[in-house]
Amino acid sequence: MAIEQIKMPQLGESVTEGTIEKWLVKPGDHVNKYDALAEVNTDKVTAEVPSSFTGIIKELIANEGDTLAVGEIVCTIETEGGTSASEGIVEVKEAAPEEPTAETVKPAEVQKHAAPVEREKGAKARYSPAVLKISQEHGIDLSLVTGTGNEGRITRKDLLKIVESGEIPVAKVEQEAILTPSTPVATSAPAPKPAPANIPVAVGDIEIPVTGVRKAIAANMLRSKHEAPHAWTMIEVDVTSMVQYRDSIKNEFKQKEGFNVTYFAFFVKAVSQALKEFPMMNSMWAGDKIVQKKDINISIAVATEDALYVPVIKNADEKTIKGIGREVNELASKVRSGKLKSDEMQGGTFTVNNTGSFGSVQSMGIINYPQAAILQVESIVKRPVIMDGGMIAARDMVNLCLSLDHRVLDGLVAGRFLARVKEILENITKENTSVY
């Protein structure tokens, strides 16, 4: 017999942690290899954690609602036969030695007795939503807490232990202010975060539980706004020729291909073409460097009734308008039917959001972290426009709104990029453009 550990998997290239939304098994259950054990939420996707072994569930280490770093133990499984070569196996021996060892201690005890790891001085700390919530509720200064998690990460259990002890660490500046209130103290420490609002609930009010997906969306949006200095710009585009071309082929295209060719496919194609010419727009901030991505993978936002998903069109610059249109249609269908896979949401380098589908004419999007920009395609509106020579004509106009990370991008490259997208779109005609 052997006890095997199931660890939090990496559910994406930039995913560092996941939250156990729901356990699908309980201790004593028999599971086969690849059976789903739990539903996990990250800031990108909801996925299932599969079993790596066949055996009996021994212990659920994490509780529902716990947020764990990639590599942390979520549960243990008792298997039959010899030991596996998998990383992180803990064997159960017949004769226990006098002192507990790594081979005989349960996973929970290993974590309990593990020595805290100090974070590198000056390193930027990253906290899970659960840790931030507990620290805010109890006024804990996280800079004074030594974590026992992976690479010194502060875990939910670390904070609960502090709360139980009653010894809440208070920032040094606050202690000095109590002792000498009349003496100003210089500090670079950030102001304490406000506690969650205490909103009274009246008769008739409806309390809606926050789902794991909504928590993940909130955490990612908050991180993006806190870390990335957002700048915003907008450009107006005359897409009359594009609209006429698309409208002239839409019925024949639908009969031939079985799906609609939408305006959005034209926009995604124009953006992917411009990204090839302005590769800096296809970059990401990485602390001490900027990573300019080779592949042009366009993230698109797809909304359901209660959540927002961002599937990715891989290598969009290599696809035709028809190919992009087919992929947009297929990805949207998978989102709404709950069949979208986690790998279909990974690897995005630039986001194009079709806010115009809701009738919006101007909006400022929050950047899809860790990307450097997001483009909002607004509603196409017919408006009177003064043409060359002073003539007034009814034209199909659209606003393109760009949010950018000012650490990576400056107004010059963003302006030139938008001007190129505008040029491409305004020159789409039946004569010089093919959807195939």
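# Briefing: helix contacts, backbone exceptions and cysteines

The protein chain has 9 helices and 19 strands. The model is predicted. Of the 436 residues in the protein chain, 41% count as buried. Take the contacts between residues at least 6 apart in sequence: 64% of them join residues at least 24 apart.

**Helix 6 against helix 7**

- Helix 6 covers residues 240–257, and helix 7 covers residues 263–277.
- Their axes come within 10 Å and cross at roughly 130°.
- The crossing of helix 6 and helix 7 is right-handed.
- Helix 6 brings Met 242, Val 243, Tyr 245, Arg 246 and Asp 247 to the contact. Helix 7 meets them with Tyr 263, Phe 266 and Phe 267.
- By class, the residues of this contact are 6 nonpolar, no polar and 2 charged.

**Helix 7 against helix 8**

- The axes of helix 7 and helix 8 come within 9 Å. They cross at roughly 120°.
- This crossing of helix 7 and helix 8 is right-handed.
- On helix 7, the contact residues are Phe 264, Ala 265, Phe 266, Val 268 and Lys 269. On helix 8, they are Ile 321, Ile 324, Gly 325 and Val 328.
- The contact of helix 7 with helix 8 has 7 nonpolar residues, 1 polar and 1 charged.
- Phe 266 of helix 7 meets helix 6, and Phe 266 also takes part in the contact with helix 8.

- Thr 240 is in helix 6.
- Thr 240 has a relative accessible area of 5%. The cut-off for buried is under 20%, so Thr 240 is buried.
- Leaving out residues up to four places away in sequence, Thr 240 touches Arg 395 and Asp 396.
- Thr 240 and Asp 396 are 156 residues apart in sequence. In space they are 4.6 Å apart, C-alpha to C-alpha.

**Backbone exceptions in loops**

- The peptide bond from Tyr 369 to Pro 370 is cis, with omega near 5°.
- Pro 370 sits in the loop between strand 16 (350–353) and strand 17 (373–377).
- Tyr 34 is not a glycine, yet has a positive phi of about 80°.
- The loop that holds Tyr 34 runs between strand 3 (30–31) and strand 4 (36–41).
- Tyr 34 has a relative accessible area of 64%. Exposed means over 50%, so Tyr 34 is exposed.
- Asn 315 also is not a glycine and has a positive phi, of about 50°.
- Asn 315 lies in the loop between strand 15 (312–313) and helix 8 (321–337).
- Relative accessibility is 25% for Asn 315. That value falls between the buried and exposed cut-offs, so Asn 315 counts as partly exposed.

**Cysteines**

- A disulfide covalently joins the sulfur atoms of two cysteines.
- Searching the whole structure finds 0 disulfides.
- Cys 75 counts as buried, at 0% relative accessibility.
- Cys 401 is buried too, with a relative accessible area of 0%.

Note on methods: Residues are numbered from 1 along each chain as its sequence is written. This is a predicted model: local features need pLDDT of at least 70, side-chain atom pairs count only at pLDDT 80 or more; totals for chains, interfaces and linings use all residues. Side-chain values use heavy atoms; hydrogens and water are left out. Axes are lines fitted to C-alpha atoms, for helices over the stretch in contact, and angles run from 0 to 180 degrees between N-to-C directions. Helices (H or I, at least four residues) and strands (E, at least two) are DSSP runs, numbered from the N terminus. A crossing is left-handed if the near helix is turned anticlockwise from the far one by less than a right angle, and right-handed if clockwise. Contact means heavy atoms within 4.5 Å. Ala, Val, Leu, Ile, Met, Phe, Trp, Tyr, Cys and Pro count as nonpolar, Asp, Glu, Lys and Arg as charged, and the others, Gly among them, as polar. Buried means under 20% relative accessible area, exposed over 50%, partly exposed in between (1.4 Å probe, protein chains only). A disulfide is a pair of cysteine sulfur atoms within 2.5 Å.
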